[in-house]
Amino acid sequence: MDYIAAIDQGTTSTRCILFDHGGNVVTVAQKEHRQIYPKPGWVEHDPLEIWQNTQEVVEQAMAALAGRGPLTVDRPPSIAAIGITNQRETTVVWERATGKPIYNAIVWQDTRTDAICNELAREGGQDRFRAKTGLPLATYFSGPKIKWILDNVPGARAKAEAGELLFGNMDTWLIWNLTGAHVTDVTNASRTLLMNLHTLDWDEEILSLLGIPRAMLPEIRSSSEIYGYAALSAVETPVCGDLGDQQAALFGQTCFSPGEAKNTYGTGCFMLLNTGETPVPSTSGLLTTLGYKIGDRPAVYALEGSIAITGALVQWLRDNLGLIAKSAEVEDLARTVEDNGGIYFVPAFSGLFAPYWRSDARGVIVGLTRYVNKGHIARAALEATAYQTREVLDAMEKDSGVQLTALKVDGGMVFNELLMQFQADILGVPVIRPKVAETTALGAAYAAGLAVGFWKDYDELRANWGRDKEWTPQMDAAKREALYAGWKKAVTRTFGWVE
């Protein structure tokens, strides 16, 4: 067997990437799906569209591989296993008998469950479930989304209680369609607000409080084991890797030791720090989550700082304001000015995640004068990603007691040289981009490959990691802290816009 297939089901698109034994990208196929906005603050996807797109990109990747020609005269290239990584918390409920979703997928960014979270917080506060789940009560997570569907789709609750409905995040939805198995892994389960971090099982008390029947929940498994088999080109191929996208990036960046961290720059921005085999409670607004669990080995935990809007802000400049025609043009526009012109752009479009967890926050641009032009707005938009990352890093160092000496980065925005240099400047530590930037998909591939012996151990995976580029801080400390103080002041202007 020659390659591992990774299905990367993201917030805006679905991709299939094939990797060789060296962890190199062989072929890629990608297709975007619609973003559905029924009301302000509501974000949905069509699960059937995503499943259709998944089938198409797998077929396209396989066809591209076949186009590379056989490895020998007698044997075409083959796929050893399939790994899946996915946008986390995005919630699908479907009929067990028909496979038909009863409602669109409610996306992780969606804020409609604010009233549910506030009601639950009236007794015990926002951290009511944190000791068990590692998470605050927030619209971000799957559990309140399930409750909303059961409460608002006619007949849903009765069907759920009769065992006729199934729930899954996107990993579960795809694995079920590929194999018929109703499973998830510990990383995705840890993002539902329903799993106990210590038992790695669904928590009966929380299920009862939210009114969610246990029968609709998937079985929680490790991140690397055979869940079932999918038919690829008439060949039964094991589906045996499953990691939420940010945990997959942690694994793909080979952050296998406590104290190693990565930051992924995508639609949102997510920093994870490996904390070892014991969960570390956060007092600084971070999430305690599962990092990964490989087969029968002990689970590895992580601290996570989640930022809702980073790359999505560049898309907003493109789609809503028309400042740029393509996302990649934002760097050139930002380079037309020397600095941000005195403005800060805080993109609290759906509230603020870590370290604030303020669903009442809304986006602001502060410091506007007649001097400001579109170049300054573009530059401030990029800088917002770096400032938000600094806030998360500060919280992470406070919680863990570990001072990071460098940050491994990945995701689409890491090819923006201006942003990466500013990120190093505002953090005061080197920022390192790996040779293979597709670390989310690579992590899913690694998990699948370990399950079937394609790779034998962590050392073999570490040997694949290589440095592509490193940015070192160029800004003096006084300027760094002055800029950061301005950002912190700007953030306070976002609070209290929603009752």
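The accessible surface of this chain comes to about 18700 Å², by the Shrake-Rupley method with a 1.4 Å probe, where for residues only the protein chains shown count as cover. Carbon and sulfur atoms hold 50% of that surface. Please keep in mind that this is a predicted model, where local features need pLDDT of at least 70, side-chain atom pairs count only at pLDDT 80 or more, and totals for chains, interfaces and linings use all residues. Residues are numbered from 1 along each chain as its sequence is written, and side-chain values use heavy atoms, leaving out hydrogens and water.

Now, the inside. Of the 499 residues, 62% are buried, meaning under 20% relative accessible area, with exposed being over 50% and partly exposed in between (1.4 Å probe, protein chains only).

On to the fold. We have 16 helices and 23 strands; these are DSSP runs, H or I of at least four residues for helices and E of at least two for strands, numbered from the N terminus. Among contacts with a separation of 6 or more, 72% join residues 24 or more positions apart, a contact being heavy atoms within 4.5 Å.

And the overall dimensions? Along its principal axes, the C-alpha trace spans about 65 × 60 × 45 Å.

You'll find N53 in helix α1, residues 47-67. Is N53 buried or exposed? N53 is buried, because its relative accessible area is 3%. Leaving aside residues up to four places away in sequence, N53 touches K31, E32 and H33. Have a look at that spot in the structure above.
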